[in-house]
Amino acid sequence: MSQQHTTHALPSYLNPDDVGPWGIYLEQVERVTPYLGHLAKWVETLKRPKRVLVVDVPVELDDGTIAHFEGYRVQHNVSRGPGKGGVRYHQDVTLSEVMALAAWMSVKAAAVDLPFGGAKGGIRIDPRNYSTAELERITRRYTSEIGIIIGPHKDIPAPDVNTNAQTMAWMMDTYSMNNGTTATGVVTGKPISLGGSLGRVEATGRGVYVVGCAAARDNGLDIEGARVCVQGFGNVGGTAARLFYEAGAKVIAVQDHTGTIHNANGLDVLRLLKHVEETGGVAGAPESEPLKADEFWGLETDILIPAALEGQINVKNADQIRARIIIEGANGPTTPEADDILTSKGTLIVPDVLANAGGVTVSYFEWVQDFSSFFWTEDEINERLERMMHRAYASVAGVAAQHKVSLRTAAFIAACSRILQAREVRGLYP
Ligand code: NAD
């Protein structure tokens with residue numbers, strides 16, 4: 001006898017009053033469902049993470065006291081391959097955020113057609129308040145705690161906000177020690193001396209630049225002399241700004257956690273990178289005037305690159321934005337409401353799942369190189385990255401033209417279809 005089963009989109013472990021970024025992701029899936037054809041019957045798969053692990057990370061601090069941190073590792077979907085996604089250290093990290101970031105990784109890997117699923121991790125911590133030795137102990141304990149679900153064929157972490165190659169080296173060493181092996185393929189974004197890939201550090205920013213140039217070309221915008229504003233001047237924003245600057249664009253404003261700077265004639269990005277290295281932020285950079293944080297969003301510009309945190313472009317500032325093209329370096333920087341406002345104004349948005357996929361693409365190269373123990377030159381890596389980013393951009397632009405939808409909806413159509421096709425042919429176990 002058939003029974004009526006009710007499915008709830010929200011897992012019970014998430015506070016319904018505080019769905020945060022996961023709510024944004026769910027809305028994006030809702031929007032794409034009408035385009036999924038017969039695969040829509042599997043769409044609930046995308047609305048719940050496969051596996052959620054919340055861990056306690058107890059550590060002895062340098063002064064002898066014991067501190068406890070909350071850590072997460074979420075595997076959203078592994079239908080097309082092992083989980084893949086970064087680890088974020090930030091005081092505001094929440095389960096909802098990690099779940100959304102994991103889901104966007106599933107979509108991103110599928111949008112670029114990499115053989116990965118999506119995962120993400122994080123620790124609720126402000127790493128600036130801890131010594132290097134404390135961060136090493138925190139990272140090692142966290143890695144041990146999530147060690148039961150990660151592995152070169154299961155789930156492969158990488159750097160994200162406030163984590164870097166050193167963090168990955170500690171993670172790789174901890175996992176290797178716990179498993180009696182040297183498992184270079186358990187993380188990507190490692191130091192070159194540990195099986196890291198040339199070009200990985202710059203890969204996300206380079207991908208932002210490559211798809212940004214493709215979108216500009218398709219929209220009759222010449223990069224030479226184009227005005228660029230960048231929010232976030234770290235790994236992604238700093239690299240993207242430098243590549244646009246070297247191609248002749250004018251980077252007229254940059255905002256980071258220390259402030260906002262502006263120069264209508266264009267900033268010297270190489271000097272700015274040096275200033276940030278020396279002082280920790282863009283505030284007080286030479287040959288620039290400070291702006292209030294809100295003024296950043298109202299600047300008239302050709303290209304706007306959000307490359308900091310999610311939800312930065314929202315109903316409060318979307319109306320003010322006067323950019324022709326937005327290239328999303330950050331994950332989830334635009335809320336769905338802001339997306340609608342900007343799209344109705346004719347702003348072209350190159351979505352995160354496409355624009356910042358350069359990092360996971362070179363992570364894929366790193367993982368492949370680790371398994372074959374054969375390493376490619378930086379030129380080979382950059383060429384392959386460019387080729388894959390161009391191919392992904394062209395395929396998403398093709399879907400957008402075919403269905404007359406935005407690039408974001410098109411990227412979700414292409415990616416969700418691939419994930420759900422894999423889901424369907426694998427079938428449900430048991
Ligand atoms: P990062 O830590 O190197 O840099 C983060 C930057 O954001 C810093 O310049 C910081 O000052 C700035 N920032 C932080 N809070 C801010 C605020 N409230 N207002 C303005 N600026 C602020 O991190 P990253 O690796 O460059 O990552 C940036 C974004 O790109 C994140 O959303 C991340 O998930 C995404 N991303 C990173 C990668 C990668 O390979 N690193 C890949 C894909 C996506």
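**Notebook: cavity and ligand shell**

I searched the whole structure, a predicted model, and found one cavity of 30 Å³ or more. I noted a volume of about 60 Å³ for the largest cavity.

Next I looked up what lines this largest cavity. I listed Ile261, Leu267, Asp268, Arg271, Leu272, Ala285, Pro286 and Glu287. Sorting that lining by class, I got five nonpolar and three charged residues, with no polar ones.

Then I turned to the ligand. Which residues come nearest to the ligand? I found 22 residues around the ligand, and from these Asp160, Thr204, Phe233, His257 and Asn331 come nearest.

For His257, I read 2.5 Å between a side-chain N or O atom and an oxygen atom of the ligand. The side chain of Arg88 also places an N or O atom 2.9 Å from a ligand oxygen.

How do the residues of the shell around the ligand divide by class? I counted seven nonpolar, 10 polar and five charged.

Last, I asked where the shell residues sit in the fold. At the domain level, I saw that domain 1 (50–181) and domain 2 (201–355) each give at least three residues to the shell around the ligand.

Terms used
Residues are numbered from 1 along each chain as its sequence is written. This is a predicted model: local features need pLDDT of at least 70, side-chain atom pairs count only at pLDDT 80 or more; totals for chains, interfaces and linings use all residues. Side-chain values use heavy atoms; hydrogens and water are left out. On a 1 Å grid over the protein atoms alone, a cavity is a set of points where a 1.4 Å probe fits but cannot get out, and a pocket is an open set with protein on both sides within 12 Å along at least five of seven lines; lining residues have an atom within 4 Å of a point. Grid points are joined across faces, edges and corners, and a volume is the space filled by probe spheres set on the points. Ala, Val, Leu, Ile, Met, Phe, Trp, Tyr, Cys and Pro count as nonpolar, Asp, Glu, Lys and Arg as charged, and the others, Gly among them, as polar. A residue is near a molecule or strand if one of its heavy atoms lies within 4 Å of it. A polar contact is a pair of N or O atoms within 3.5 Å; within protein, one must be able to donate a hydrogen and the other to accept it, and residues adjacent in sequence count only if both atoms are side-chain atoms. Domain bounds come from an automatic or database domain assignment.
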